[in-house]
Amino acid sequence: MADLPTIVYRCPGPYQRKGGTWGYHGAETEDQLAALLAAGWFPTLDEAIAAFDGTAAAPQKPTDKAQTKKLK
């Protein structure tokens, strides 16, 4: 996963940004990090903003048949 300790981000929060607010939380262990990510926190501020603003990119679908077979 990530280098630890690390920081994760979420919107909204107590800190101001252009167009909204954001917050952060520290994670010291893999278990803490996994729990925070499962609870809606993000590894980067850009990802948190995109998810909150509704501009997050949709997961890409495989384009070739070999990739499609691996997913099934």
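1. The α1–α2 loop. Gly40 sits in the loop between α1 (30–38) and α2 (45–53). Gly40 is partly exposed, at a relative accessible area of 29%. Its C-alpha lies 7.1 Å from that of Arg10, although Gly40 and Arg10 are 30 residues apart in sequence. Bear in mind that this is a predicted model.

2. Overall layout. The protein chain has 3 helices and 2 strands. Their order along the sequence is β-β-α-α-α. Of the contacts with a separation of 6 or more, 42% join residues 24 or more positions apart. The Gly40–Arg10 spacing of 30 residues is one to view alongside that figure.

3. Burial and surface. The chain has 72 residues, and 21% of them are buried.

4. Arg17. This residue belongs to strand β1. Is Arg17 buried or exposed? Arg17 counts as buried because its relative accessibility is 16%, and the cut-off for buried is under 20%. Its side chain makes a polar contact of 3.3 Å with the side chain of Asp53. Leaving aside residues up to four places away in sequence, Arg17 touches Cys11, Trp22, Ile49, Phe52 and Asp53.

5. Aromatic pairs. The structure holds 4 aromatic pairs. One of them is Tyr9 with Trp22: tilted, 6.0 Å centre to centre, with 50° between the planes. This pair links distant parts of the chain, with Tyr9 in strand β1 and Trp22 in strand β2 (residues 20–27), 13 residues apart. Tyr9 counts as buried at 19% relative accessibility. Trp22 also counts as buried, at 18%. Trp22 forms another tilted pair, with Tyr24: 6.2 Å centre to centre and 35° between the planes.

6. The aromatic cluster. Which residues form one aromatic cluster? They are Tyr9, Tyr15, Trp22 and Tyr24. Within this group, Tyr9 is buried, whereas Tyr24 is partly exposed at 44% relative accessibility. Trp22 is also a contact of Arg17.

7. The nonpolar surface patch. Ile7, Tyr15 and Tyr24 form a nonpolar patch on the surface. Together they have about 280 Å² of accessible area. Ile7 lies in strand β1 (residues 6–17). Ile7 is partly exposed, at a relative accessible area of 37%. Tyr15 and Tyr24 belong to this patch and also to the aromatic cluster.

Definitions and conventions. Residues are numbered from 1 along each chain as its sequence is written. This is a predicted model: local features need pLDDT of at least 70, side-chain atom pairs count only at pLDDT 80 or more; totals for chains, interfaces and linings use all residues. Side-chain values use heavy atoms; hydrogens and water are left out. Patches are made of residues with over 30% relative accessible area and no salt bridge: like charges are joined within 9 Å, nonpolar side chains (Val, Leu, Ile, Met, Phe, Trp, Tyr) within 5 Å. Accessible areas come from the Shrake-Rupley method with a 1.4 Å probe; for residues, only the protein chains shown count as cover. A salt bridge is a side-chain nitrogen of Lys or Arg within 4 Å of a carboxyl oxygen of Asp or Glu. Helices (H or I, at least four residues) and strands (E, at least two) are DSSP runs, numbered from the N terminus. Buried means under 20% relative accessible area, exposed over 50%, partly exposed in between (1.4 Å probe, protein chains only). A polar contact is a pair of N or O atoms within 3.5 Å; within protein, one must be able to donate a hydrogen and the other to accept it, and residues adjacent in sequence count only if both atoms are side-chain atoms. Contact means heavy atoms within 4.5 Å. Rings of Phe, Tyr and Trp (its six-membered ring) pair if their centres lie within 6.5 Å; planes under 30 degrees apart count as stacked, over 60 as edge-to-face and the rest as tilted.
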